[in-house]
Amino acid sequence: MSLLSILGLARAADYAEGQVWKYKTRPGEAASTLQISKMETDPKLGQIFHISVFQVRVKNPQAPTGATTELPHFPVSKQTLDASVTKFVGK
């Protein structure tokens, strides 16, 4: 883990499967985190990060409470991850 990661200035080389990060959240979701589940490289798309997002509130009429609080699979690009993460939480 580099000092850049600790400060939230991550680069792709700093990312690893299993890491948990704080990210730029919506108002009221400051406790939300994301976890990198899988990393892969696509010849056309480049690096793809498969993440899960926890402690969010997304309207979902089919959920018992009317909202989903976890997004179990969300593929994002390196650029999206770089622009979103703010602080390394742990692994």
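Visitor: Which element gives the most to the lining of the largest pocket?

Guide: β3 does, with 4 residues. Strands are DSSP runs of E of at least two residues and helices runs of H or I of at least four, numbered from the N terminus. β4 (67-77) and α2 (78-84) also give two or more residues each to this lining. This is a predicted model, in which local features need pLDDT of at least 70 and side-chain atom pairs pLDDT 80 or more, while totals for chains, interfaces and linings use all residues. Residues are numbered from 1 along each chain as its sequence is written, and side-chain values use heavy atoms, without hydrogens and water.

Visitor: What makes a residue part of the lining?

Guide: A lining residue has an atom within 4 Å of a pocket point; on a 1 Å grid over the protein atoms alone, a pocket is an open set of points where a 1.4 Å probe fits, with protein on both sides within 12 Å along at least five of seven lines. The lining numbers 15 residues, with Y23, L34, I51, V53 and F74 nearest the pocket's centre.

Visitor: How many of the lining residues are nonpolar?

Guide: The lining divides into 10 nonpolar, 2 polar and 3 charged residues. Leu, Ile, Val, Phe and Tyr are among the types that count as nonpolar, so L34, I51, V53, F74 and Y23, which lie nearest the centre, belong to that class.

Visitor: Why is the set that includes W21 called a nonpolar core?

Guide: Such a core joins buried residues (under 20% relative accessible area, 1.4 Å probe, protein chains only) of nonpolar types such as Trp through side-chain atoms within 4.5 Å. W21 is one of its 13 residues, and therefore meets these conditions. β3 supplies the largest share, 4 residues.

Definitions and conventions:
Buried < 20%, exposed > 50% of the residue type's maximum accessible area, 1.4 Å probe, protein only.
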